[in-house]
Amino acid sequence: MSSDDGDLENQAEVEEKTRLINQVLELQHTLEDLSSRVDAVKEENLKLKSENQVLGQYIENLMSASSVFQTTDTKSKRKCFSLTSPCADHPVYENPQGLDHIATC
């Protein structure tokens, strides 16, 4: 085995190691980017859930203040509409995202 053969093998090993190191670094950056994106989506999700709760309470308050949505049943004074827990007599429908339930009465 000549020194030229050893140098070529050594150079090939160095190039392979360099390629693998670059690939690992690229994958690390990709993972960091994906992790940042997941964090951003989680924050947005929490923000939207909070907004949904506020809007749901607002809608319930409007409905309770309006005579249009008052019950005609003299036995029951409670309203049937709720974004989280419906009355026992009416079905619950899941929204397309499956995040909340909406009772429709």
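Mentor: Let's start with the whole chain. Residues 24 or more positions apart account for 9% of its contacts with a separation of 6 or more, a contact being heavy atoms within 4.5 Å. Buried residues, those under 20% relative accessible area, make up 8% of the 105 residues. Keep in mind that this is a predicted model, where local features need pLDDT of at least 70, side-chain atom pairs count only at pLDDT 80 or more, and totals for chains, interfaces and linings use all residues. Numbering runs from 1 along each chain as its sequence is written, and side-chain values use heavy atoms, with hydrogens and water left out.

From the N terminus on, the order is α-β-β, with helices (H or I, at least four residues) and strands (E, at least two) taken as DSSP runs.

Now the helix. Helix α1 covers residues 3–65, and Y58 is found in it. Together with I59 and L62, Y58 makes a nonpolar surface patch of about 290 Å². Patch residues have over 30% relative accessible area and no salt bridge, and nonpolar side chains (Val, Leu, Ile, Met, Phe, Trp, Tyr) are joined within 5 Å, like charges within 9 Å. A salt bridge would be a side-chain nitrogen of Lys or Arg within 4 Å of a carboxyl oxygen of Asp or Glu. Areas use the Shrake-Rupley method with a 1.4 Å probe.

E13 is also found in helix α1. D4, D5, D7, E9 and E13 gather in a patch of negative charge on the surface. E13 counts as partly exposed because its relative accessibility is 47%, and that class lies between 20% and 50%.

Conventions
Lys, Arg positive; Asp, Glu negative; His and termini not counted. Charge placed at Lys NZ, Arg CZ, Asp CG, Glu CD. Buried < 20%, exposed > 50% of the residue type's maximum accessible area, 1.4 Å probe, protein only.
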